[in-house]
Amino acid sequence: MIDHLSAFSKKAVWLKPFFFIATAAAFLVFGYVVLIEEGADKDVYLIPSVVVVLWSLVCTLLLSVFPYAPPKPDKQQRRLERLKIRLIRGAYHLGSWLFCLLSAAALWLSIKLLSVWRADF
């Protein structure tokens with residue numbers, strides 16, 4: 001799973017600026033609606049901005065962490081080097097499970113938030 005996430009994040013690393021822009025835009029919309037704009041007619045943008053921030057942060061996490069995952073160790077490497085690579089890959093393996101858990105939580109939260117948003121507006 002680490003190798004698949006690493007390969008995908010290396011191919012899609014060019015999308016990172018777009019996720020930063022989407023995150024900043026969603027924070028600006030959220031801040032504008034909460035702090036500046038008054039009235040219930042502008043509250044329609046709150047939930048979509050939260051969902052955009054959530055998914056932008058999850059995707060930025062993927063693109064920021066997983067391109068640096070080390071490849072599997074070779075048999076020609078020293079035993080200490082192989083152990084070091086395996087420990088690092090173990091940490092990336094835990095990170096990949098955490099990423100999958102965060103993605104599932106973001107999906108569940110997005111579905112719930114968008115169903116509330118659709119019912120209200």
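Trainee: How many of the 121 residues of the protein count as buried, in percent?

Mentor: That's 26%, where buried means under 20% relative accessible area, exposed over 50% and partly exposed in between, with a 1.4 Å probe and protein chains only. Keep in mind that this is a predicted model, where local features need pLDDT of at least 70, side-chain atom pairs count only at pLDDT 80 or more, and totals for chains, interfaces and linings use all residues. Residues are numbered from 1 along each chain as its sequence is written, and side-chain values use heavy atoms, leaving out hydrogens and water.

Trainee: Why is arginine 89 called buried?

Mentor: Its relative accessibility is 12%, and the cut-off is under 20%, so arginine 89 counts as buried.

Trainee: And what makes aspartate 3 partly exposed?

Mentor: Its relative accessible area is 36%, which falls between 20% and 50%, so aspartate 3 is partly exposed.

Trainee: Why is the pairing of arginine 89 with aspartate 3 called a salt bridge?

Mentor: The term needs a side-chain nitrogen of Lys or Arg within 4 Å of a carboxyl oxygen of Asp or Glu. Here the closest N and O atoms are 3.3 Å apart, so the pair qualifies. Arginine 89 sits in helix H4 (residues 79-120) and aspartate 3 in helix H1 (residues 2-11), so the bridge ties together parts 86 residues apart in sequence. Helices (H or I, at least four residues) and strands (E, at least two) are DSSP runs, numbered from the N terminus.

Trainee: How many helices and strands are there in the protein?

Mentor: You'll find 4 helices and 0 strands, running α-α-α-α from the N terminus on.
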